[in-house]
Amino acid sequence: MTKEIIKFEHVNKKFGRNEIISDLSFTINQGEFVTVLGASGSGKTTTLKMINGLEMPTGGKVIVNGEDLSAADLVDLRRHIGYVVQSIGLFPHMTVAQNIAVTPKLLKWDQARIADTVDHLLELVNLKPNEYKKRYPNQLSGGQQQRIGVARALSTNPPIMLFDEPFSALDAIIKQDLQQEIKNLHQKLANKTFFFVTHDINEALFLGDRVMVMNQGKIEQFASPRELVSKPASSYVARLLGTVEQNKDLWEQLK
Ligand SMILES: Nc1ncnc2c1ncn2[C@@H]1O[C@H](COP(=O)(O)OP(=O)(O)OP(=O)(O)O)[C@@H](O)[C@H]1O
Ligand SMILES: [Mg+2]
């Protein structure tokens with residue numbers, strides 16, 4: 001049965017007098033992998049932050065898992081939403097294991113449960129626990145650090161994962177590996193909802209069950225990758241896709 005997990009109803013967001021998001025409505029079902037594309041400044045990060053209450057709408061409603069966020073306990077909410085950003089933000093003075101265990105510790109899990117979780121999550125992101133858990137972040141490559149960022153965001157087994165351009169600072173090959181891994185991870189972790197912001201059109205088409213294209217605080221199109229490339233809903237979407245037209249042979253394989 002499909003269950004609505006994230007719902008925006010006529011959401012507006014202003015910073016001062018600037019309206020950044022205007023009348024934004026959409027629904028995401030549990031288990032979907034949604035990717036979000038759009039020019040710099042189009043409101044992607046602001047939209048993402050309204051899902052975990054780091055920003056609140058100035059109008060309309062954001063409903064997560066049936067709960068209107070204007071009345072929600074936001075600290076509790078954020079424990080149930082994983083958040084991965086480009087800069088990663090691992091604590092440099094903590095080992096990999098300690099970094100992953102930050103929230104479980106806050107929640108006062110016992111040591112054995114924390115240790116098991118750390119090992120399990122490291123395996124999930126394809127890093128051998130015994131090789132990596134005692135290392136410090138500066139002893140890891142950028143791609144490995146980003147894997148730890150993903151593991152940390154998964155530590156409390158949240159039903160929703162938010163990603164804000166997690167791979168944009170990585171080189172193309174590492175990026176491709178991580179894209180495949182994140183896709184596998186989503187398949188493995190049945191029923192988790194991924195909301196993934198990216199600048200990279202191929203990444204959005206490769207990863208997303210549906211792709212949300214934003215422009216100036218509005219949705220231009222929210223559709224499957226195949227529909228997006230075969231029936232762009234606006235000249236903006238067509239132009240955006242036109243920038244990667246040389247990758248047409250990849251598009252043939254989309255669902
Ligand atoms: N805290 C803030 N105060 C004032 N303006 C803000 C704030 N946060 C974002 N903005 C503005 O809102 C607009 C949308 O920003 P947002 O970060 O959502 O864009 P984005 O689509 O994520 O862009 P990028 O691709 O560059 O990350 C921008 O014009 C930005 O300057
Ligand atoms: Mg952004």
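Helices (H or I, at least four residues) and strands (E, at least two) are DSSP runs, numbered from the N terminus. The model is predicted: local features need pLDDT of at least 70, side-chain atom pairs count only at pLDDT 80 or more, and totals for chains, interfaces and linings use all residues. Residues are numbered from 1 along each chain as its sequence is written, chains are lettered from A and ligands numbered from 1 in the order in which they are written, and side-chain values use heavy atoms, with hydrogens and water left out.

**View 1. The annotated domain, residues 6-241.** The unreviewed UniProt entry carries the annotation "domain: ABC transporter" for this stretch. Such annotations may be inferred rather than shown by experiment; feature names are shortened, and positions follow the numbering used here.

**View 2. The shell around ligand 1.** Phe15, Ile20, Ala39, Ser40, Gly41, Ser42, Gly43, Lys44, Thr45, Thr46, Glu165 and His199 surround the ligand (a residue is near a molecule if one of its heavy atoms lies within 4 Å of it). Helix α1 (residues 44-51) contributes the most, with three residues. By class, the shell has three nonpolar, seven polar and two charged residues. Ala, Val, Leu, Ile, Met, Phe, Trp, Tyr, Cys and Pro count as nonpolar, Asp, Glu, Lys and Arg as charged, and the others, Gly among them, as polar.

**View 3. Contacts from serine 42, glycine 43 and threonine 45 to ligand 1.** A polar side-chain atom of threonine 45 lies 2.8 Å from a ligand oxygen. For glycine 43, a backbone N or O atom lies 3.0 Å from an oxygen of ligand 1. For serine 42, the backbone N or O distance to a ligand oxygen is 3.2 Å. Taken alone, ligand 1 exposes 640 Å², and the protein buries 57% of that (Shrake-Rupley method, 1.4 Å probe).

**View 4. An open sheet of four strands.** The order is β2-β1-β4-β5, with antiparallel pairing. Strands β2 (18-29) and β5 (67-68) are the edges, each pairing on one side only. Eight antiparallel bridges join β1 (residues 4-15) to β2 (strands pair if DSSP finds at least two bridges between them). Valine 11 stands opposite leucine 24 in β2.

**View 5. Phenylalanine 163 and phenylalanine 196, a tilted pair.** The structure holds seven aromatic pairs. Rings of Phe, Tyr and Trp (its six-membered ring) pair if their centres lie within 6.5 Å; planes under 30 degrees apart count as stacked, over 60 as edge-to-face and the rest as tilted. Here the centres are 5.3 Å apart and the planes at 40°. Phenylalanine 163 lies in β7 (residues 160-164) and phenylalanine 196 in β8 (residues 193-197), so the pair ties together parts that are 33 residues apart in sequence.

**View 6. Positive phi at asparagine 126 and asparagine 191.** Asparagine 126 has a phi of about 65° and sits in the loop between α5 (111-124) and α6 (129-132). Asparagine 191 has a phi near 75°. The loop between α8 (172-188) and β8 holds asparagine 191.

Technical notes
Polar contact = N/O pair within 3.5 Å; in protein donor to acceptor, adjacent residues only side chain to side chain.
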